[in-house]
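Hi,

Here is the model I promised to pass on. Have a look at it first, and my notes on the helix packing follow below.

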Amino acid sequence: DTKQLVNGSLNESKLRSLPEMTDSTKKEAMAFLEEMLRCSYQIQSIHLPLLACRMVRISLQYGLTKSSCVGLVSLAFSLVSVFNDVSEGYSLAKISMSIAGSDQDKRVL
């Protein structure tokens with residue numbers, strides 16, 4: 001399922017075209033998931049890939065928010081460290097860094 005998400009939905013043009021997230025409930029959910037993800041990383045939990053994947057799915061469905069790049073980078077990290085897919089993980093990390101560094105998306109990030 002994660003492979004399908006990465007291979008089918010995550011390309012730079014699609015991510016850049018996502019609108020800013022407006023649903024306040026989803027924004028709060030993303031902020032909460034980001035905190036859970038940080039804790040999950042610190043305790044080396046097996047739940048990190050699931051949290052990252054959920055954050056990316058919410059972003060794809062509802063738009064970008066400050067937490068979106070954290071979810072993307074965490075998914076890239078998971079692809080490399082858990083699924084041993086260096087190529088896809090590297091590509092996703094580059095896309096995330098590009099989005100985080102672009103002027104058009106500073107309004108969100």
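Which residues of H5 meet which residues of H6? On the H5 side they are Cys-69, Leu-72, Val-73, Leu-75, Ala-76, Leu-79 and Val-80, and on the H6 side Val-86, Glu-88, Gly-89, Tyr-90, Leu-92, Ala-93, Ser-96, Ile-99 and Ala-100 (contact means heavy atoms within 4.5 Å; helices are DSSP runs of H or I with at least four residues, numbered from the N terminus). By class, this contact has 13 nonpolar residues, two polar and one charged (Ala, Val, Leu, Ile, Met, Phe, Trp, Tyr, Cys and Pro count as nonpolar, Asp, Glu, Lys and Arg as charged, and the others, Gly among them, as polar).

Before going on: this is a predicted model, in which local features need pLDDT of at least 70 and side-chain atom pairs count only at pLDDT 80 or more, while totals for chains, interfaces and linings use all residues. Residues are numbered from 1 along each chain as its sequence is written, and side-chain values use heavy atoms, with hydrogens and water left out.

H5 (residues 68–81) and H6 (residues 86–101) pack at about 165°, with their axes 7 Å apart (axes are lines fitted to C-alpha atoms, for helices over the stretch in contact, and angles run from 0 to 180 degrees between N-to-C directions). The two are therefore roughly antiparallel (angles over 145 degrees).

H3 (residues 24–42) also meets H5: their axes come within 10 Å and cross at roughly 35°. Met-30, Glu-34, Leu-37, Arg-38 and Tyr-41 of H3 touch Ser-68, Val-70, Ser-74 and Phe-77 of H5.

Best wishes

Terms used. Angles under 35 degrees count as roughly parallel, over 145 as roughly antiparallel, 65 to 115 as roughly perpendicular and the rest as oblique.
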